Amino acid sequence: MADYLLLKQTISALVKGEADVISLMATLACEIHNADDRFHWTGFYRVVAPELMKIGPYQGGHGCLVIPFSRGVCGAAARLNETQLVDDVEEFEGHIACSSSTRSELVIPISDALGNVIGVLDIDSDLPCAFTQVDADELKAILTETFGTLNS
Ligand code: SME
């Protein structure tokens, strides 16, 4: 399990005073990815048009470039504005397989200060049932602290 207290402190120190969304996403992708061996792909999809996301900063192998709100685990998280904790991607109807080795996923929506969904954080693992509610809650707190005050 990642040391979430350390991760939170490191991220807050690194991003202090920064308001550029891509710079923030790049820094978080790097720090989160390297904080836990269970995380095999860690990155962001950004809302770029109504109901449409494009890939943002990430760590790991290549990801799909475009994800509509109607598709995949990422689309569900953005459309419903609800975290998706998927123990087995094969059981998730419409899962988009960017990598055939992915077995489980955690996708958390990101809102700005106005409550608009601006994107999602997607973490994929090659291990089944890799994620817990603690991961979901701790990472959501980091995203809220980082992006929740932005007026985008
Ligand atoms: N598996 C995701 C797509 C993104 S990639 O795995 C990087 C999904 O179904 O939303």
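## Arg38 and its partner

The side chain of Arg38 reaches the side chain of Asp135 in a polar contact of 2.9 Å (a polar contact is a pair of N or O atoms within 3.5 Å; within protein, one must be able to donate a hydrogen and the other to accept it, and residues adjacent in sequence count only if both atoms are side-chain atoms). You'll find Arg38 in the loop between α2 and β1 (41-49); helices (H or I, at least four residues) and strands (E, at least two) are DSSP runs, numbered from the N terminus. Arg38 is buried, at 14% relative accessible area (buried means under 20%, exposed over 50%, partly exposed in between, with a 1.4 Å probe and protein chains only).

Leaving aside neighbours within four places in sequence, Arg38 is in contact with several residues, including Met1, Tyr4, Asp124 and Phe131. Contact here means heavy atoms within 4.5 Å.

## About the model

This is a predicted model, where local features need pLDDT of at least 70, side-chain atom pairs count only at pLDDT 80 or more, and totals for chains, interfaces and linings use all residues. Residues are numbered from 1 along each chain as its sequence is written, and side-chain values use heavy atoms, with hydrogens and water left out.

Nonpolar side chains tend to be buried together in soluble globular proteins. A nonpolar core is a set of buried Ala, Val, Leu, Ile, Met, Phe, Trp, Tyr and Cys residues joined through side-chain atoms within 4.5 Å. The largest one here has 26 residues, and Phe44 and Leu143 are among those with the most contacts inside it.

## Around the ligand

Which residues surround the ligand? Among them are Trp41, Tyr45, Cys74, Ile96, Asp122 and Asp124, where being near means having a heavy atom within 4 Å. A ligand oxygen is 2.8 Å from a polar backbone atom of Cys74, while a ligand nitrogen is 2.7 Å from one of Ile96. Another entry on the list is Asp124, with an N or O atom of its side chain 2.8 Å from a ligand oxygen. The protein covers 99% of the 310 Å² of accessible area that the ligand has on its own (areas come from the Shrake-Rupley method with a 1.4 Å probe; for residues, only the protein chains shown count as cover).

Glu51 isn't a glycine, yet has a positive phi of about 60°. Glu51 counts as exposed, at 51% relative accessibility.

Asn81 also has a positive phi, about 50°, without being a glycine. Asn81 is partly exposed, at 38%.
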